[in-house]
Amino acid sequence: MGNEQEVLERPTARAVEDTFSSVGSGIDEHAYEQIFSMATESLASGKATLISRVPWGKEGEVTLCIQMRHGIEAYSFEQSITPIIASDDSKKPRTKASLILTCPVIE
């Protein structure tokens, strides 16, 4: 019985963090545009509650965080962008997605 309560109280990842990095040739613009478009569609439909965009580099590097209403929506979003990320033909992957508990607060 104790394990059931522990599982119910465990936090669930409800956000997807997408990091677009560069290895001297800029970010994968195609992936960025597709993922940002999907994020804005999720926001418009009410599945997402927040999109944060934090630029951090000289070659267009940026981190997007998409806060979803429910964990299953975060997981589904992360799974739907995996093929976009995998299509990057550069030698070193420039885009990474991670499930996280919540988007950081930006002040």
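I started with Tyr32 and Phe36, which are four residues apart in helix H2 and therefore separated by about one helical turn. Helices here are DSSP runs of H or I with at least four residues, strands are runs of E with at least two, and both are numbered from the N terminus. The model is predicted, so I kept to its limits: local features need pLDDT of at least 70, side-chain atom pairs count only at pLDDT 80 or more, and totals for chains, interfaces and linings use all residues. Residues are numbered from 1 along each chain as its sequence is written, and side-chain values use heavy atoms, with hydrogens and water left out.

Aromatic pairs. I found two in the structure. Rings of Phe, Tyr and Trp (its six-membered ring) pair if their centres lie within 6.5 Å; planes under 30 degrees apart count as stacked, over 60 as edge-to-face and the rest as tilted. Phe20 and Tyr32 are edge-to-face, at 5.2 Å centre to centre and 80° between the planes. This pair links distant parts of the chain, with Phe20 in strand S1 and Tyr32 in helix H2, twelve residues apart. Tyr32 and Phe36 have ring centres 5.8 Å apart and planes at 15°, so I noted them as stacked. Phe20, Tyr32 and Phe36 form one aromatic cluster.

Accessibility. I used relative accessible area: buried is under 20%, exposed over 50%, partly exposed in between (1.4 Å probe, protein chains only). Tyr32 counts as buried at 12%, whereas Phe36 is partly exposed at 30%. Phe20 is buried.

Helix H2. I then looked up which residues of H2 are buried: Ala31, Tyr32, Ile35, Ala39 and Ser42. Down the helix axis they fall within an arc of 95° (taken from the directions from the axis to the C-beta atoms), so they line one face of H2. The face turned away from that side carries the exposed residues His30, Glu33, Glu41, Ala44 and Ser45. After H2 comes Gly46, with a positive phi near 90°.

Core. The largest nonpolar core has 18 residues, and Phe20, Ile35, Ile66, Phe77 and Ile81 have the most contacts inside it. Such a core is a set of buried Ala, Val, Leu, Ile, Met, Phe, Trp, Tyr and Cys residues joined through side-chain atoms within 4.5 Å. The largest share, five residues, comes from H3.
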